[in-house]
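Dear colleague,

Please find the structure we talked about below. My notes on what was found in it follow directly after.

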Amino acid sequence: MQDNTDLDEIWFVVSPQNPFKKQKSLLHEFDRLKMVELAIADHFYFRASDVEFHMPRPSYTIDTLTVLADKYPQHQFKLIIGGDNLTHFCKWKNYEQILEYFGLYVYPRPGSHPEFSHPNVKFVEAPLMDISATFIRESIKNGHSVKYLLPQPVEDYIRDKKLFV
Ligand SMILES: Nc1ncnc2c1ncn2[C@@H]1O[C@H](COP(=O)(O)OP(=O)(O)OP(=O)(O)O)[C@@H](O)[C@H]1O
Ligand SMILES: O=C(O)c1ccc[n+]([C@@H]2O[C@H](COP(=O)([O-])O)[C@@H](O)[C@H]2O)c1
């Protein structure tokens, strides 16, 4: 996204509770934050954010963007999502406000062909990556290699803490 857009920085916001996901299917938020930090440690323009840890749950993105915009008035925020997420985007809380006040950058995902026409939705041309979190979790559970699917420090963390087994 950074190579193919005008974005100066990419912030990875860890959501304690996606409104559409079951709580017990999610790892503890601190493990997820740690894995993001490990994954992006060597990228100067990437940042891991725990802003949603201090906000009401479930984690509604319009509220997060509003808090971020308020806290960092010097920045202009856009929301990055994968193409598959665009299918249900109209069910998100106040999605029209996300579009009107912030805007979306959509990363293409294999197998998803979202149709959405709005001046503030930008479809970014970027390399397709046929990787899913479900596939990685299943591979670990089945004892299969996840080398090349994850940054090595993240794989080490998962193995050390025996996550997803
Ligand atoms: N390979 C990918 N290409 C493009 N976007 C992706 C890809 N994997 C995840 N995303 C996007 O990243 C965000 C977080 O996705 P998420 O953590 O649910 O990953 P996932 O692989 O879809 O997970 P799961 O397999 O558990 O459903 C979403 O906006 C999703 O669309
Ligand atoms: O705001 C909403 O209504 C909303 C509904 C579904 C998902 N989201 C957000 O979408 C992001 C992607 O979620 P996930 O779990 O697929 O990584 C995460 O930040 C969620 O909180 C937000």
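A residue is taken as near a molecule or strand if its C-beta atom, placed from the backbone, lies within 6 Å of it. As for classes, Ala, Val, Leu, Ile, Met, Phe, Trp, Tyr, Cys and Pro count as nonpolar, Asp, Glu, Lys and Arg as charged, and the others, Gly among them, as polar.

Please keep in mind that this is a predicted model, in which local features need pLDDT of at least 70 and side-chain atom pairs count only at pLDDT 80 or more, while totals for chains, interfaces and linings use all residues. Residues are numbered from 1 along each chain as its sequence is written, and chains are lettered from A and ligands numbered from 1 in the order in which they are written.

With those classes, the shell around ligand 2 holds 6 nonpolar, 4 polar and 2 charged residues, including Phe20, Lys21, Tyr60 and Trp92. The shell around ligand 1 divides into 5 nonpolar, 4 polar and 2 charged residues, among them Asp84, Tyr107 and Arg109. At least two residues of that shell come from each of β3 (79-82), α3 (83-86) and α5 (133-141), where helices (H or I, at least four residues) and strands (E, at least two) are DSSP runs, numbered from the N terminus.

Strand β3 also belongs to an open sheet of 3 strands, in the order β3-β4-β5 and with parallel pairing; two strands pair if DSSP finds at least two bridges between them. Because β3 and β5 (121-123) stand at the edges, each with a single partner strand, one side of each is left without a neighbour in the sheet. Between β3 and β4 (residues 104-107) there are 4 bridges, and isoleucine 80 stands opposite tyrosine 105 in β4.

Leucine 99 lies in helix α4 (residues 95-102). Leucine 99 and valine 121 are 22 residues apart in sequence, yet their C-alpha atoms are 7.3 Å apart in space.

Finally, an unreviewed UniProt entry places the feature "domain: Cytidyltransferase-like" at residues 5-138; UniProt positions are given in the numbering used here, feature names are shortened, and annotations may be inferred rather than shown by experiment. Over residues 5-138 the chain is 31% helix and 14% strand.

With kind regards
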